[in-house]
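Welcome! Here is a short briefing to read alongside the sequence and the 3D view.

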Amino acid sequence: MQVPAPVEYERATSVDHAIGLLERLGGSARLVAGGHSLLPMMKLRLASPEYLIDINDLHGELGYIRVEPAEVRIGAMTRHRELLESGELAEVFPIFRDAERVIADPVVRNRGTLGGSLCQADPSEDLSAVCTTLGASCVIRGGSGERVVTMEEFYRGPYETAVEDAEMLVEIRVPVRPSGSSAYEKVERRAGDWAIVSAGAAVWLDGGLIADARVGLAAVGPNTTGLTAVSDALRGREPSEELYEQAGALAADSCSPVTDMRGSAEYKRHLAKELTRRALRRSVARINERG
Amino acid sequence: MTTTDERPAGFEKNDHKPVGHGRMLRKEDPRFIRGKGRYVDDVQLPGMLHCAILRAPVAHARIVSIDTSAAEAHPKVKAVVTGATLTGLGLAWMPTLSGDVQAVLATDKVRFQGQEVAFVVAEDRYAARDALELIDVEYDVLDPVIDVRKALDPSAPVIRDDLDGKRNNHIFDWETGDEAATEAVFASADVVVSEDIVYPRVHPAPMETCGCVADYDRIDSRLTLWSTSQAPHAHRTLYAIVAGLPEHKIRVISPDIGGGFGGKVPIYPGYVCAIVGSIVTGKPVKWMEDRSENLTSTGFARDYIMRGEIAATRDGRILAVRTNVLADHGAFNGVAAPVKYPAGFFGVFTGSYDLQAAYCKMTAVYTNKAPGGVAYACSFRITEAVYLVERIVDCLAYELKMDPVELRIKNFIQPEQFPYRTKTGWLYDSGDYEPTMRKALEIAGYDDLRKEQAERRARGELMGIGVAFFTEAVGAGPRKDMDILGLGMADGCELRVHPTGKAVVRLSVQSQGQGHETTFAQIVAEEIGIPPADIDVVHGDTDQTPFGLGTYGSRSTPVSGAAAALVARKVRDKARIIASGMLEVSVADLEWVKGAFHVKGDPEKSVTIQDIAMRAHGAGDLPEGIEGGLEAQICYNPENLTYPHGAYICVVDIDPGTAQVKVRRFVAVDDCGTRINPMIIEGQVHRGLTDGVGMALMEMIAFDEDGNCLGGSLMDYLIPTALEVPDWETGFTVTPSPHHPIGAKGVGESATVGSPPAIVNAVVDALRPFGIRHADMPLTPSRVWDAMRGVPRPPV
């Protein structure tokens, strides 16, 4: 059994309580939600916080999916399983269900949270790629109030976010636009593994042309990456296999994969292309299916 | 307790036996299903302390100094022990199972990342682990030998400078077969095909890691060791030899074991550390390694770099097979195999084919990697042998443009040739290969699959059909040929029938999940007519069971299964004499039917085995010269190994865009002779097939150039889940072993041996449109994609 170093533990009873504790304890404290990243790191002694602030009791306050006409708001303590099972969310953004189906396994999904996934800032993390694809924004709360940042601002590098020591991520906001759909494609060595590469796509049509499109990639750069070059190339064009091919090639050019146990950089670049193509194709097919 | 009559035609009906072989739920499962198994880590003793081991962070370094003072000052720490301490006790080095020595704790150098350097004994597991952080070791880092192909370069650093006069990294050269005769056949053959084939390093990765609880009693100098051991008796003897403790004062108990696969055959330094910890502190000491320690320091498997060559006539008659192997044994030669077999049973690389000649030359070397070569259900290296021959036969089929099934059938050893002496000296006991192959073809619908493949290929889809046919050699072994460190590979068995007709059978082999408590009760039941539910099976405790070498290499049923049948027959022979007295007839006038003796021609006049048991222990007279009681003990020395065989067919689909392999179907037809409990056999086969998917598609213990192990967690070292495997389609044929008392052969490892070549052959078959003849495991998407582009790479 791997055992963590000594750590003090307290359960937060409210967001304000959690932030108060963070303010008092500073950088020596870590929040723990699902714990599926932090606890293994502690057991391997890659992380040794002095204090753990357990925020699982905040699920009542921060566990929600609110689908509104112009915006979807998801609380940071929403569990993977809730994202997977929400029909309402899948209706607006099927990419969430696509991704959740290939995130880890049911045991992890029962416990792991949206906020925890994003704050871990693993370059291979699926929900980060989803939020990047959808152009989500992150609501960060501290002692002096809330601030809202884009996904690009949120990530500062591998395992690094804009959330400061005495702050916590409380909500994700995703803008809703008409005639859109989305999809997520992931290649993994084995079910439950991190992605070798994954690609999310979101497309909005207007009169048969692409009004806007976004592509987000995971595991091919320091953070999950949203590709503006791809969006620029797709806007105003009619969806076609050639266009997807072109978008895929742009995605492959724009990413910076490295060779590791999951695969060679070359293969990952190939996947970035192939999966971008597939995700775009599926997004458009979904819009057309809906009519 | 129900049994069914799934008895294949052609061997003895058990109409005259009331109970015994057949499909039956496992007796041990209620406790496992309810979470009531008792594993080593469940052992809690009063005052028990905990041991944690400090391991080398680098692959090769000289130890300059170790400062343990801060760790010793930790309030919960009871002892800190280094290699220097052990040197004082004469315990710093221990023999391996193959004539080498291995450091218990490093004294001079560390030789692989993860090697044991020091240990701490503390009041709890957390404190023990915390104290490791307080030990300060200064290392002088040396260049490591990681690339096995460079291990014998004159410029390579010498890893084992602890060995007198050692000036290189060479361990042994080994050969088998006839080099000149093989060369002659190759020189005149129509067709010669050669291929470089790597079987990468993998790990058994059992659910339960290794560990023990050592309890040394200073008053009567007695050591009790609860241990994750596949061979408790052999371990006891080795502890006696290594530690100088008298053998009768050592008791080794293997309680429930959560998987072994060969990885729990060796004695690891951690066991010795816990024993020393208990001796030093006078308290029981528990050591349980964590997952990373298990993956990085305990016995690996495979790691053979092979060149395979095959010679044949133009029309597909295979003439000879030749191979050259470079074997990576890591930092210490810890291979678990009978002493005279440094390459295990790799000599069966001639496969299931009638050859004119065969030859193998092997060189084994040291590298700065974990020691082992033990394990992973390999039947002593038969996994590598079968993979080599089944891959190279497929390469030949590719070159001859022959169907791989047709090529195999054309070259099978024929039934009338058994017992068959191979060109490398193995005596295959029995086999009838073609019906087994035909059955697999029938279940798979082989011809239709080939038609479907042609249609799919025309559409640009990648579908592959892979075939493998294996012959295994299991049940080590005849004591004239086989021993481990001088201990003969025979196994004992003791049977006692209680007065009320219930029984206890005591085995020298130890289950790690194989279902011994059921299978062995069935074997005895079949012979003596007591229902399996009334027979208790005791195993895994050296104080409770007769001596024997334990469970690995699929040897339980071939060796101990024979012992169980024979001891039951011995008891039955005595029961017959007692029955003759009870029925007042001569022994020759008795007939044994359904658990009772009756007078021939008068079935009404009978006594059951239960009646006899009561009489044997009762007050009445027994026949002249017969002692009371109804029990016997034997030690079984197998005449030969048993040679199960099987035909496996795998169907895969590969996504042309992502190169992901999906195993769509897998048909496994096994022939393990007499089938004692078909349900347990199927379970064993399912396990091995799943192993095969892991090895073929994802498993590998890799190292970077500095010798850092890249497979140190189950996030990095992948093992397959239910989502990667298809619904297994199993079948069987029955060719009994002629020398085994009940005709049974081992089956535990057959599927692990047979499935990797079937899967790889299927993947390579799917890639045929790309002109691919071979691609090495693990066939991860990235590596398959390389192959699709015509640049398949070896994994090391």
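Predicted model: local features only at pLDDT ≥ 70, side-chain atom pairs only at ≥ 80, totals over all residues.

Residues are numbered from 1 along each chain as its sequence is written, chains are lettered from A and ligands numbered from 1 in the order in which they are written, and side-chain values use heavy atoms, leaving out hydrogens and water.

**Around Asp67(B)**
- Asp67(B) sits in strand E2 (residues 61-67) of chain B; helices (H or I, at least four residues) and strands (E, at least two) are DSSP runs, numbered from the N terminus.

- Most residues other than glycine have a negative phi, and most peptide bonds are trans.
- Phe418(B) and Pro419(B) are linked by a cis peptide bond with omega about -5°, and Pro419(B) belongs to the loop between helix H10 (404-411) and strand E18 (420-421) of chain B.
- Another cis bond runs from Met777(B) to Pro778(B), with omega near -10°.
- Ser554(B), not a glycine, has a positive phi of about 50°; at 12% relative accessibility, Ser554(B) is buried.
- Glu584(B), also not a glycine, has a positive phi of about 55°, and Glu584(B) is exposed, with a relative accessible area of 71%.
- Glu584(B) falls in the loop between H14 and strand E26 (590-593) of chain B.

Key: Buried < 20%, exposed > 50% of the residue type's maximum accessible area, 1.4 Å probe, protein only.
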